[in-house]
Amino acid sequence: MKTLEIKDLYVSVGDTEILKGINLTIKSGELHALLGPNGHGKSTLLQSIMGNPKYTVTSGQILLDGEDVLAMDVDERARKGLFLAMQYPPEISGVTISDILKEAINQRRDTPVSLYKFIKELEDATKEVDLPLDIVHRFVNEGFSGGEKKRNEVLQMLLLKPDFALLDEIDSGLDVDALKAIGDAINKMRSNENALLVVSHYARLYELIAPTHVHVVVNGKIAISGDSEIITKIDTLGYEWLKDEYGIEITKEETKENKRPQILGQCRVKAKGTA
Ligand code: ADP
Ligand code: MG
């Protein structure tokens, strides 16, 4: 069993302090849901765990089985079993999905993966996330639809089999069928050997993947933790009840980001001919 521990983590972007003392422990076999209004630090937490240099850890610790994650480069974190599916996956021109995945898999092995085994796994995973097979020969995310980019993140996760998968709004912009495929893929990957930290606004995804723990991030801190009851409450009441019940003020000024609707449970209806 492995443990990822985040201890009193403070993170800044430029001069702005975003995370203000996050404490979170995730163990193999668990699935943690992370909710909270937009702009309050969810992506910042995931990016900091993975080591995006834009996010400066000013104090606190991140430990993987007691080892100091903050002392590791991003690629070392990946080799140690951390994986981030990004909210806004970048395009990588000139590198195909197949190339990048083979390289990433080999980085975690002593001997290179057999080509036969790799192609078989790639084919199976592509089907699972409902992407056309030939997409693996295209440059990463170049010209992909929003839905294809998200499925490609999950494809990578299925191939890399991380010990700790951090999924950032993997379901945003997906229609109900795609959401079901993603939920099924997550469930199939889940075992007692791995753990997930999943950011989503949608109760529907969480219904599919049944989190073992639920946390709400407000103003750079985990305001409350509990079980799926919290998700049901947010889905029906939004975040207002946090103030009434716990006296937690959502103080962040209204930015364009957090003016987006914060009601859960709405999933985009599949439009004809879109992914
Ligand atoms: P969430 O994922 O909860 O919506 P984020 O972690 O993305 O929130 O953002 C938290 C705050 O940090 C926001 O005010 C956002 O504008 C700011 N922020 C995050 N990333 C960056 C960045 N790369 N550059 C500048 N500001 C950022
Ligand atoms: Mg975010």
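Let's start at N141, in the loop between β8 (139–140) and α5 (146–160). Helices here are DSSP runs of H or I with at least four residues, strands are runs of E with at least two, and both are numbered from the N terminus. N141 has a positive phi, near 65°, in a residue other than glycine. With a relative accessible area of 1%, N141 is buried. Buried means under 20% relative accessible area, exposed means over 50%, and partly exposed is in between, using a 1.4 Å probe and protein chains only.

A word on the ground rules, please. This is a predicted model, where local features need pLDDT of at least 70 and side-chain atom pairs count only at pLDDT 80 or more, while totals for chains, interfaces and linings use all residues. Residues are numbered from 1 along each chain as its sequence is written, chains are lettered from A and ligands numbered from 1 in the order in which they are written, and side-chain values use heavy atoms, with hydrogens and water left out.

K161 sits in the loop between α5 and β9 (164–168). K161 is not a glycine either, yet its phi is positive, about 45°. Is K161 buried or partly exposed? At 45% relative accessibility, K161 counts as partly exposed.

Let me step back to the whole protein. There are 9 helices and 12 strands, and the C-alpha atoms fill a box of roughly 55 × 45 × 35 Å along the principal axes. For 275 residues, a compact globule would have a radius of gyration near 19 Å, and the protein's 18 Å agrees with that. That radius is taken over C-alpha atoms, and the globule rule is 2.2 Å times the number of residues to the power 0.38. Of the 275 residues, 47% count as buried.

Next, ligand 1. Which residues come nearest to ligand 1? Of the 14 residues around it, the nearest are G39, K42, S43, T44 and Y55. To be near, a residue must have a heavy atom within 4 Å of the molecule or strand in question. The shell divides into 4 nonpolar, 6 polar and 4 charged residues.

Look at the polar contacts with me. A polar contact is a pair of N or O atoms within 3.5 Å; within protein, one must be able to donate a hydrogen and the other to accept it, and residues adjacent in sequence count only if both atoms are side-chain atoms. A backbone N or O atom of G41 lies 3.0 Å from an oxygen atom of ligand 1. For S43, a backbone N or O atom is 2.8 Å from an oxygen atom of ligand 1. Y55 uses a polar side-chain atom, 2.9 Å from a nitrogen atom of ligand 1. Overall, the protein covers 71% of the 550 Å² of accessible area that ligand 1 has on its own. Those areas come from the Shrake-Rupley method with a 1.4 Å probe; for residues, only the protein chains shown count as cover.

Which helix gives the largest share of that shell? Helix α1 (residues 42–50) does, with 3 residues. In α1, 8 of the 9 residues are buried, so the helix is largely enclosed by the rest of the structure. Among the buried ones are K42, T44 and L45. After α1 comes G51, with a positive phi near 100°. Then N52 lies in the loop between α1 and β4 (56–64), and at 22% relative accessibility N52 counts as partly exposed.

S43 also brings us to the magnesium ion, ligand 2. S43 (OG) and Q87 (OE1) coordinate this ion, at 2.0 to 2.3 Å. S43 lies in helix α1 and Q87 in the loop between β6 (82–85) and β7 (92–96), so the pair ties together parts that are 44 residues apart in sequence. Donors are N, O and S atoms within 2.8 Å of the metal, or 3.2 Å for Na, K and Ca; water is not among the atoms, so sites may look incomplete. Q87 is buried, at 11% relative accessible area.

Two last stops, friends. S28, in the loop between β2 (16–27) and β3 (31–35), is buried with a relative accessible area of 9%. The S28 side chain reaches the backbone nitrogen of K2 at 2.7 Å. And V214, in strand β11 (residues 213–218), counts as buried at 0% relative accessibility. V214 and L34 are 180 residues apart in sequence and 6.1 Å apart in space, C-alpha to C-alpha.

Note on methods:
Nonpolar A, V, L, I, M, F, W, Y, C, P; charged D, E, K, R; others polar.
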